Amino acid sequence: MTTPDRVRWGVLSTARIGRKAVAPAIARSSNGTLLAIASRDAGLAVATAAELGAPRAYGSYDDLLADPDVDAVYVPLPNSQHAAWTIRAAEAGKHVLCEKPLAMSSAECDAMRAAAGAHGVVLMEAFMYRFHPRFEQLLARVQAGELGALRYVQASFSFTVSDPADIRLRRDLGGGSLMDVGCYAVNVARTLMGAEPVEAQALARWTPGGVDEQLAGTLRFDGDRVAQVTGSLAAARSEDVLVVGELGTARLRHAFVPVPGPVGLELHRPPAPPEVIGFEPVDSYQRMVEHVAACVLEGRRPRYDAVEAAANLRTIEALYGSARAGGRVVAVAV
Ligand SMILES: NC(=O)c1ccc[n+]([C@@H]2O[C@H](COP(=O)([O-])OP(=O)(O)OC[C@H]3O[C@@H](n4cnc5c(N)ncnc54)[C@H](OP(=O)(O)O)[C@@H]3O)[C@@H](O)[C@H]2O)c1
């Protein structure tokens, strides 16, 4: 099904994130080709394909899935449509890189994993920050015990969305601060802790339409380790991760979305003086799509699979359960 050394990608929709970041990353990737763009609007598909240098354009997502030359699809649809289109893509034999959060619920996520498994395709959630060498190095150092046993993690992601029509503020499309940005904080906390939380507690500020425009939560892990996770669509831009262990601390500023300039991994292990390890700018979107393509070409499992994505969603479900109950402590389902 695949060409020997390159994966041929199709993109389902003309979403901003696809146009601005992921489709250009696919086009630049060492092991992939941007073959096709689909949109509900055929004219928009043609214009976007021309803008991105994709040779094929389709006026429906189904038409793209019917193209036998497409090996893999990138799915940057509204959150409420991730599961349905990922399952259709898997049924059409396409490998899938789907945007975060992978689904609306852990149950949807399980159905997506089952479809990918039944049709023998790769499925991965597009949390690109995990493919930045700075995060890879932080995780390796934490896993090697350089900070000692972790005691707490604080992670936050915010910016302002002022257009009420934006999909991030649409309840029917799976909007909300936890779904859009808080999910990163949850993901980084679970990944660094190397465990799943057992309890969650959260407070939210809701829009009149019933969408959380801000949600701040606490996750309790075994051993009374905690993570504080905050997402907001009504605050100044901030992306920050602080990791505190018994022996030292680490901090990532500009933690999630790649920035044009160099970034640092701030480490402090007293009594040694604080140090900052520098990293040149890297396109973590490109590293992510190259990882998925390598998994397709080499027949291996992705570094982060849909089981991991379902666990992230179980934590998100518990945080929402708590926020809707006014901050009651809620068990995270296993
Ligand atoms: N990883 C990241 O850095 C990152 C950043 C931003 C967003 N995201 C994720 O990417 C996904 C898309 O976000 P975005 O901000 O790029 O979205 P967006 O610009 O609003 O685009 C969503 C696209 O979905 C298609 N669509 C199908 N049904 C729709 C409907 N009922 N309403 C609106 N659009 C519909 C549209 O494409 P057509 O009209 O062409 O069919 C639209 O362009 C979300 O899951 C989000 O969480 C990830």
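The legends below describe an overall view and close-ups of salt bridges in a predicted model.

Residues are numbered from 1 along each chain as its sequence is written. In this predicted model local features need pLDDT of at least 70 and side-chain atom pairs count only at pLDDT 80 or more, while totals for chains, interfaces and linings use all residues, and side-chain values use heavy atoms, with hydrogens and water left out.

**View 1. Overall fold of the chain.** The chain has nine helices and 15 strands, where helices (H or I, at least four residues) and strands (E, at least two) are DSSP runs numbered from the N terminus. Along its principal axes the C-alpha trace spans about 55 × 45 × 35 Å.

**View 2. The salt bridge between glutamate 51 and arginine 19.** The closest N and O atoms of this pair are 3.9 Å apart, a salt bridge being a side-chain nitrogen of Lys or Arg within 4 Å of a carboxyl oxygen of Asp or Glu. Because glutamate 51 lies in helix H2 (residues 42–52) and arginine 19 in helix H1 (residues 16–28), the pair ties together parts that are 32 residues apart in sequence.

**View 3. The salt bridge between aspartate 180 and lysine 100.** Here the closest N and O atoms are 3.4 Å apart. Aspartate 180 belongs to helix H7 (residues 177–193) and lysine 100 to the loop between strand S5 (95–98) and helix H5 (106–119), so the contact ties together parts 80 residues apart in sequence. Aspartate 180 is buried at 10% relative accessibility, and lysine 100 is buried with a relative accessible area of 10% (buried means under 20% relative accessible area, exposed over 50%, partly exposed in between; 1.4 Å probe, protein chains only).
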